[in-house]
Amino acid sequence: MASLATRLETLRQQALQELNTASDEPALARWRNTYLGRNGALAGHMRSFSQLAAEDRPAAGQAANALKRALETAFEDREGRIAALALDARFEAQRIDVTLPARRLHTGALHPTTQMLRRVVSIFRDLGFRETEGPEVELDWYNFEALNIPPDHPARDMWDTFYVNPPAVLLRTHTSPVQVRMMEKTQPPVRVVVPGRCYRYEAQDASHEWMFHQVEGLAVDEGLTMADLKGVLVAFAQRIFWPDTQCRFRCDYFPFVEPGMELAVQCPICRGSGCRVCKQSGWIELLGAGMVHPKVLRKVGYDPEKVSGFAFGMGLERIAMVANTIDDIRLFHGNDLRFLQQFA
Ligand code: PHE
């Protein structure tokens, strides 16, 4: 029978050789069982030491323990290598290609009406107007009566107004009722700008929608004149379009202002030479305005002998249409992404 030393050496070589072929964790576990386990090869040798002569046992034990430590160290080395290789393989498999173009994010954007609303309001804010709002479901009193629009006025016809609860409750047809609401709860000086939705019972076409937006302006103070109104409106037109935009004021009639007027600007598209947008006239009608009617001032308890005011109201979609050369108001709420994305 081979000497103990030879047998242990054979075991060592066989074990190490096999260990080198173990390439994953299950193989490692099997190897450990085979050689270092409780019923493994080394344990088998150690059990056989009981048959040795007593004086030979310590040396045999030392040799076996040395082998055991050597195998354990080799095992740990191998285990570390395999873990490192597995990690490398994982990195390789999960490699991120930083040169790959990123997937496109589809972010939303503000609606063109909202963008224009914010621009308009911010211009008036710079001119000293505070932003406020009013209800879309409105009382006949605020929408018509307090604005000096008598009961037999054609605007009250059911063909123009959506009634929620006729005849007293309706969808506001303009933002002007907020003028009255503001004056009722404040004392002059008043300076507000009021954006909001309006509704009209209207057949839709390229320039009419049953729902649209207006921005209303109101200033009341001692000594306000038409010159103040014109100054504010020219400043506005030149900020929203070009710094040298020409303005044209003409008489117009609204029951709640006196005198009343209409502001037109030189067509910002053709600069006055005539085009499709301005229907070859060179001018674009932008808004209605005027000095607040004394009757309106009296209805809210103001004294027209002491204070005067001016007001104006404009259609937001109309301004957005002129500024962006849009020829159909129905595009705004048509939900066509090809239209909307141009404003993103
Ligand atoms: N409310 C009017 C309209 O809807 C516009 C306007 C506002 C006119 C304020 C004069 C003063 O047409």
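**Entry 1, ground rules.** I am working from a predicted model, in which local features need pLDDT of at least 70 and side-chain atom pairs count only at pLDDT 80 or more, while totals for chains, interfaces and linings use all residues. I number residues from 1 along each chain as its sequence is written, and the side-chain values use heavy atoms, with hydrogens and water left out.

Strands here are DSSP runs of E with at least two residues, numbered from the N terminus, and two of them pair if DSSP finds at least two bridges between them.

I then turned to β8 (residues 257–266), where 7 of the 10 residues are buried; buried means under 20% relative accessible area, with a 1.4 Å probe and protein chains only. β7 (residues 247–251) runs antiparallel to β8 and is joined to it by 5 bridges, and a hairpin connects the two through 5 residues. Within this pairing I noted that Phe 249 has Leu 263 of β8 as its bridge partner. With β9 (residues 283–292), β8 pairs in the antiparallel sense over 8 bridges. I checked two positions there: Gln 266 has Trp 283 of β9 as its bridge partner, and Val 257 stands opposite Val 292.

Which residues come nearest to the ligand? Of the 14 around it, I list His 174, Ser 176, Arg 200, Gln 214 and Gly 313, where a residue counts as near if one of its heavy atoms lies within 4 Å. I looked for polar contacts, meaning pairs of N or O atoms within 3.5 Å. A polar side-chain atom of His 174 lies 3.0 Å from a ligand nitrogen atom, and one of Ser 176 lies 2.9 Å from a nitrogen atom of the ligand. For Arg 200, a side-chain N or O atom is 3.1 Å from an oxygen atom of the ligand. The protein covers 90% of the 330 Å² of accessible area that the ligand has on its own, an area taken from the Shrake-Rupley method with a 1.4 Å probe.

How values were computed: Buried means under 20% relative accessible area, exposed over 50%, partly exposed in between (1.4 Å probe, protein chains only). Helices (H or I, at least four residues) and strands (E, at least two) are DSSP runs, numbered from the N terminus. A polar contact is a pair of N or O atoms within 3.5 Å; within protein, one must be able to donate a hydrogen and the other to accept it, and residues adjacent in sequence count only if both atoms are side-chain atoms.
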